[in-house]
Amino acid sequence: MSMATRTDTQSPALHVADSHDLIRVHGARVNNLKDVSIEIPKRRLTVFTGVSGSGKSSLVFGTIAAESQRLINETYSAFVQGFMSTLARPEVDVLEGLTTAIIVDQQRMGADARSTVGTATDANAMLRILFSRLGQPHIGSPQAFSFNVASISGAGAVTLERAGRTVKERRNFSITGGMCPRCEGRGTVSDIDLTQLYDDSKSIAEGAFTIPGWKSDSFWTVRVYAESGLLDPNKPICKYTKREMQDFLYREPTKVKVEGVNLTYEGLIPKIQKSFLSKDKEALQPHIRAFVERAVTFTTCPECDGTRLSEAARSSRIGGINIADACAMQISDLAEWVRGIDEPSVAPLLTTLQQTLDSFVEIGLGYLSLDRPSGTLSGGEAQRVKMIRHLGSSLTDTTYVFDEPTTGLHPHDIQRMNNLLLRLRDKGNTVLVVEHKPETIAIADHVIDLGPGAGTAGGTVCFEGNLEGLRASGTITGRHFDDRAALKETVRKPTGTLDIRGATAHNLRDVDADIPLGVLVVVTGVAGSGKSSLVHGSLPQQSGAAAAGVVSIGQGAIRGSRRSNPATYTGLLDPIRKAFAKANGVKPALFSANSEGACPNCNGAGVIYTDLAMMAGVATTCEECEGKRFQASVLEYHLGGRDISEVLAMSVTEAEEFFGSGEARTPAAHAILDRLADVGLGYLSLGQPLTTLSGGERQRLKLATHMAEKGGVYVLDEPTAGLHLADVEQLLGLLDRLVDSGKSVIVVEHHQAVMAHADWIIDLGPGAGHNGGRIVFEGTPADLVAARSTLTGEHLAAYVGT
């Protein structure tokens with residue numbers, strides 16, 4: 001065998017193709033960026049730091065990653081682009097040296113009721129093929145094991161053209177799916193409380209429906225029932241005949257005409273199931289979710305026992321295990337089971353499945369199971385699930401963009417995440433990470449610090465260089481980098497206890513806990529040890545919890561369109577509108593850009609959106625209202641010398657002063673503004689669209705809103721997510737003020753500064769999944785550090801330097 005000989009000797013001169021080793025950004029002006037110009041080294045790990053709202057995401061996601069994606073999309077045909085989301089070119093003068101960007105952000109995974117960890121990662125697809133090849137008895141193709149495919153059969157005559165003659169033939173077809181026929185692959189069945197849907201003493205015309213959003217003038221809801229001709233709208237529902245009740249509640253979809261418009265009439269029960277119950281409960285708006293919780297009871301499907309699968313799919317087994325058992329296993333156990341299957345005919349499939357499952361374990365998610373609904377994953381878990389498909393990738397010279405990959409990770413797990421980031425870099429990829437944790441900043445080859453402040457006070461590059469340079473730079477990040485919260489010398493004394501007895505939610509093992517009241521309690525432990533199960537799954541069900549008034553603030557992202565802003569989200573706009581209306585003797589609706597006061601040209605959006613099919617849409621400032629969103633006549637009404645658009649342009653700090661005294665004094669508005677300032681959002685403008693807020697800003701906005709709720713116990717799930725080291729100090733001050741005002745605060749948290757600041761720590765573990773679920777320590781932080789008996793104790797001791 002001859003080898004080709006290389007005649008070219010290594011040239012000392014650098015090849016021109018090797019000179020593109022920088023990503024150059026010049027003049028970036030996305031959101032609050034102020035003409036930012038930087039050079040980012042390729043094939044290195046670059047970490048972007050800075051306080052929340054300083055412009056990190058605007059630079060990394062809104063500029064670099066967005067332009068890379070836009071350029072890739074433009075390589076597709078116009079036809080394909082028509083089906084893709086359109087991206088506008090970011091506001092930047094020059095972007096050079098871009099490579100393909102793979103974005104791994106913290107967006108929650110689709111909260112579809114049918115989506116699970118297995119379906120989201122292709123692990124289910126591989127398991128289905130495995131069972132269709134090796135399962136005994138053999139029941140069919142891979143779709144016979146899919147809970148999203150129903151079994152269907154049919155027969156009929158088909159007409160064919162054959163040799164110039166028309167021939168009729170009878171054909172049969174059947175599809176064998178794995179969907180449980182009772183629950184339709186959802187795992188739960190629902191019973192609907194009809195008294196929550198309507199008041200049967202009234203007629204439809206009298207407003208019998210009590211379903212949120214069902215207004216009497218709505219074509220698609222109330223009017224289709226009132227004017228369908230199938231029901232008497234003036235007859236009380238309780239007096240309907242059996243036939244009328246059947247039509248009202250269960251009738252199959254039927255075409256009807258209302259005022260000459262063709263509409264579909266269907267029974268109330270299927271309509272409610274399609275419009276409310278087909279969506280994941282967690283993804284619904286709060287008032288809709290409250291209605292669903294009132295009106296609907298969900299119970300495990302008695303036919304499939306919650307597995308979602310048909311009896312046939314559950315009957316096929318490999319070594320005594322069926323596909324439902326495999327999906328219910330902890331992934332680390334499932335990986336061991338797959339390793340034990342020795343079948344040469346499916347060897348390539350087993351290898352790929354093994355790699356996927358091992359990636360779960362390696363990334364610290366071995367405690368999950370494949371049947372876990374994807375909507376129940378935290379932001380940090382969802383991000384790591386998305387990372388799995390990239391770990392074994394053969395791609396190199398790619399740009400990976402991560403948004404706080406250590407969110408939701410215990411200090412013990414952060415080292416593992418750091419190793420994964422370094423592994424991606426060592427394969428020749430450019431890794432860009434937006435991060436606040438010192439442990440991850442410490443492994444960076446290059447650090448870019450944005451600031452100095454947040455919002456309009458940020459948007460500039462304060463520092464570029466290595467870690468030593470950052471420490472010596474004097475920037476906010478540099479100054480706080482080596483901050484270490486000291487353990488409290490004295491801790492508060494509890495005023496009582498909230499008892500949890502026999503908690504068994506998820507992986508908890510009959511846990512008993514006495515949570516002290518009137519103090520700051522931190523619940524900690526490695527990811528998957530059972531913290532959220534204890535606090536969110538067990539605490540609200542205890543009889544004492546209702547009496548104590550528990551206010552739970554979860555990790556769910558706040559939702560809002562480009563019309564939503566801090567004033568509308570927090571309810572601040574209501575007292576402001578009323579104050580304007582009272583001062584001017586007009587109705588409050590005039591002072592809403594989403595109602596009567598809206599500029600008729602742009603419908604209160606402030607901009608005109610022009611849709612250009614597959615090209616990026618163009619937003620131009622409305623010429624009539626000049627972006628103020630209101631009619632000119634509305635802007636003639638003043639309160640304290642300002643019109644409504646000027647008030648919405650104020651920052652929280654300015655507005656706090658404005659509504660605090662003088663003619664514009666409005667106590668209800670001032671109270672909400674006080675809470676916003678309390679959580680460190682004094683710089684936000686009241687009318688800034690929610691879509692432009694950073695993750696940390698959204699987290700604190702949600703916190704400020706929930707602080708208004710009446711309750712004696714506040715439960716916070718990782719409130720430091722998205723917060724800079726300097727912002728964490730402010731959060732600790734807020735938690736202290738809550739406790740000092742007589743509240744009890746329970747925090748699920750990994751941040752060592754919050755642990756050190758606690759009065760009482762409950763540590764779960766020792767591991768994740770079925771290796772966790774037990775309380776391994778209860779006591780003061782000082783006792784935890786002194787004992788060093790748990791992983792948390794060791795890391796906290798190292799953090800406080802004892």
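In this predicted model, strands β14 (residues 399-403) and β15 (residues 430-434) run parallel and are joined by five bridges. Phe402 stands opposite Val433 of β15. Both strands belong to an open sheet of six strands, ordered β5-β14-β15-β3-β16-β17, in which the pairing is mixed. Strands β5 (101-104) and β17 (460-465) form the edges, each pairing on one side only. From one strand to the next, the twist averages 15°.

Two helices that pack on this sheet were identified. Helix α1 (residues 56-73) touches β3 (45-49), β5, β14, β15 and β16 (446-451). The direction of α1 makes about 130° with that of β5. Helix α14 (residues 411-426) touches β3, β14 and β15. Its direction makes about 150° with that of β15.

The domain assignment gives domain 1 as 19-108 + 377-480. Domain 2 comprises 117-180 + 305-363, and domain 3 spans 188-300. Domain 4 covers 483-558 + 709-801, and domain 5 covers 562-692. The C-alpha centres of domain 2 and domain 3 lie 37 Å apart.

Helix α7 (residues 268-277) is largely enclosed by the rest of the structure, because seven of its ten residues are buried. These are Leu268, Ile269, Pro270, Lys271, Ile272, Phe276 and Leu277.

The structure holds zero disulfides. A disulfide requires cysteine sulfur atoms within 2.5 Å. The sulfur of Cys183 has its closest cysteine sulfur in Cys304, at 3.7 Å, which is too far for a bond. Cys183 is buried, at 5% relative accessibility. For Cys625, the closest cysteine sulfur is that of Cys622, at 3.7 Å, again too far for a bond. Cys625 is buried, with a relative accessible area of 6%.

Terms used:
Residues numbered from 1 in each chain as written. Predicted model: local features only at pLDDT ≥ 70, side-chain atom pairs only at ≥ 80, totals over all residues. Heavy atoms only, no water. Buried < 20%, exposed > 50% of the residue type's maximum accessible area, 1.4 Å probe, protein only. Helix = DSSP H or I, 4+ residues; strand = E, 2+ residues; numbered from the N terminus. Domains from an automatic or database assignment. Pairing = 2+ DSSP bridges. Axes fitted to C-alpha atoms, helices over the stretch in contact; angles between N-to-C directions. Contact = heavy atoms within 4.5 Å.
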